Amino acid sequence: MAKTTVNTVGSEARRAREYETVYILHPSVNAEEADRVAKRFTDVVGTLQGKLIKLNSWGWRRLAYPIKGATRGVFIYARYAGYDDLVAELERNLRLLDPVVRYQTVMLNPRVTMDDIQVDPADIELEPFAPS
């Protein structure tokens, strides 16, 4: 079992957790807008002392139901580790970005050690995609 990372801020202890978020971009999004959203996501994770483990484009997929008149969307998968305030800030940023139509976050592991997380730089590069 992994050790818990504890950072003390004042008298409060913080626990690191591992999360995954899938966000859906509007189908009319171009590569530049998708990169801008991914950059914002990466910046928020770095600012709040998290670690981005994986960022992957699943490409264009059919939606289960129409969202804002669209039946398809660009799905982006992100896996990261961070503290409690990270998820709230990421979701706030995703909500403010126009190309993002939906997102969902799931906690994968309630206790991780941030020092033990190895990040491959190739895993956090968003692959370019072409319009379908």
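Residues are numbered from 1 along each chain as its sequence is written. In this predicted model, local features need pLDDT of at least 70, side-chain atom pairs count only at pLDDT 80 or more, and totals for chains, interfaces and linings use all residues, while side-chain values use heavy atoms, with hydrogens and water left out.

Reader: Which residues of α1 are buried?

Author: Helix α1 covers residues 31-47; helices are DSSP runs of H or I with at least four residues, and strands are runs of E with at least two, numbered from the N terminus. Buried means under 20% relative accessible area, exposed over 50%, and partly exposed in between (1.4 Å probe, protein chains only). The buried residues of α1 are Ala34, Val37, Ala38, Phe41, Val44 and Val45.

Reader: Why do the buried residues of α1 line one face of the helix?

Author: An α-helix has 3.6 residues a turn, so residues three or four places apart point the same way. The directions from the helix axis to the C-beta atoms define the arc. Seen down the axis of α1, the buried residues line one face because they fall within an arc of 120°.

Reader: Which residue has a side-chain oxygen that reaches the backbone nitrogen of Glu32?

Author: Glu32 is exposed, on the face of α1 turned away from the buried side. At the start of α1, its backbone nitrogen lies within 3.2 Å of a side-chain oxygen, and that oxygen belongs to Asn30.

Reader: What is the relative accessible area of Ser57?

Author: Ser57 lies in strand β4, and its side chain reaches the backbone nitrogen of Gly59 at 3.3 Å. Ser57 is buried, because its relative accessible area is 14%.

Notes:
The expected span of a helix is 1.5 Å times one less than its number of residues. A polar contact is a pair of N or O atoms within 3.5 Å; within protein, one must be able to donate a hydrogen and the other to accept it, and residues adjacent in sequence count only if both atoms are side-chain atoms.
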